[in-house]
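User: Please take me through this model, one topic at a time.

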Amino acid sequence: MLIAGFPAGAWGTNCYVVAPAAGEECVIIDPGHQAAQGVEDAVRKHRLKPVAVVLTHGHIDHVASVVPVCGAHDVPAWIHPEDRYMMSDPEKAIGRSFGAQLMGELTVGEPDDVKELTDGSALELAGMEFSVAHAPGHTKGSVTFRMPEQEDIPPVLFSGDLLFAGSIGRTDLPGGDHAEILQSLARVCLPLEDSTVVLSGHGPQTTIGRERAGNPYLRELAAGLGDGTTAPPRRGM
């Protein structure tokens, strides 16, 4: 498997280009602020053919380049229906005072072809399977994408802004809910194998085992506590 990831834009949002191997079809995950050139560089370097864009949630730092990327390759974008409005109205999702700083440099809107994700579905894209889990809390329509173990490659979780190395997504923006994100972490992340590689929306990669042992939010949840009141600040836009 080939996973080319890079941080993009003002928030260092991780964008991922995923393919079975070089020279094959690929899927682009979260092309955010100023990510279009990085996507094109990865596609050209590895001789890839994009077939879809999939989005972990609708915040502008994860979707700002979805229109140019989808347009350049004539591919659809997949997003959960509860976050779809954010592509056209990012200020509603992040707050007007914050959004006003950005709107002058961004072209917002939906690509020509938008498809909606559902909890528990399995996307078959570019010869790969992505299991979709609805994981609200950071936003109402946040999802994760999980790829199963393959030969000597451990399972992979694209966690968006649900789970980070050492922290979790913030819940103080419109649509955020602290109790809900804890429920999502318990339902989506805790049951996974320790070997599962976590590729998140910001920061370095980690594993479920490492987070189960060292992430204060997951540790409290696993111990049956889990209100997160003593844990460190959360991350993401």
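**Sheets and helices**

Analyst: Six strands in the order E1-E2-E3-E4-E5-E6 form an open sheet, and their pairing is mixed. Strands (E, at least two residues) and helices (H or I, at least four) are DSSP runs numbered from the N terminus; two strands pair if DSSP finds at least two bridges between them. This is a predicted model, in which local features need pLDDT of at least 70, side-chain atom pairs count only at pLDDT 80 or more, and totals for chains, interfaces and linings use all residues. Residues are numbered from 1 along each chain as its sequence is written, and side-chain values use heavy atoms, without hydrogens or water.

User: Which strands stand at the edges there?

Analyst: Strand E1 (2–8) and strand E6 (114–116) do. Each has a single partner strand, so one side of each is left without a neighbour in the sheet. On average, neighbouring strands of this sheet are turned by 25° against each other, direction ignored. Angles run from 0 to 180 degrees between N-to-C directions, with axes fitted to C-alpha atoms, for helices over the stretch in contact.

User: In what sense do E4 and E5 pair?

Analyst: Strand E4 (residues 49–54) and strand E5 (residues 77–79) run in the parallel sense, joined over two bridges. Val-53 has Ala-77 in E5 as its bridge partner.

User: Which strands does H1 touch?

Analyst: H1 packs on the sheet and touches E1, E2, strand E3 (25–29) and E4 (contact means heavy atoms within 4.5 Å). The direction of H1 makes about 155° with that of E1.

User: And where does H3 lie?

Analyst: H3 lies across E3, E4 and E5.

User: At what angle do H1 and H3 pack?

Analyst: Helix H1 (residues 36–46) and helix H3 (residues 66–73) pack at an angle of about 35°, and their axes are 9 Å apart.

User: Which residues of H1 and H3 meet?

Analyst: From H1, the residues are Ala-36, Val-39, Glu-40 and Val-43. They meet Val-69, Ala-72 and His-73 of H3.

User: Now a single residue. Is His-46 buried or exposed?

Analyst: His-46, which is found in helix H1, has a relative accessible area of 18% and is therefore buried. Buried means under 20%, exposed over 50%, and partly exposed in between (1.4 Å probe, protein chains only).

User: What does His-46 touch?

Analyst: Leaving aside residues up to four places away in sequence, His-46 touches Leu-2, Ala-4, Ala-22 and Gly-23.

User: Back to sheets. What is the order of the sheet that has E7 in it?

Analyst: That open sheet has six strands, in the order E7-E8-E9-E10-E13-E14, and the pairing is mixed. Strand E7 (122–125) and strand E14 (206–207) stand at its edges, each with a single partner strand, so one side of each lacks a neighbour in the sheet.

User: Over how many bridges do E9 and E10 pair?

Analyst: Strand E9 (residues 143–147) and strand E10 (residues 156–160) pair over three bridges, in the antiparallel sense. Phe-145 stands opposite Phe-158 in E10.

User: Finally, the chain as a whole. How many helices and strands does it have?

Analyst: The chain has eight helices and 14 strands. Of its 237 residues, 55% count as buried.

User: What share of the contacts joins residues at least 24 apart?

Analyst: Among contacts in the chain between residues at least 6 apart in sequence, that share is 62%.
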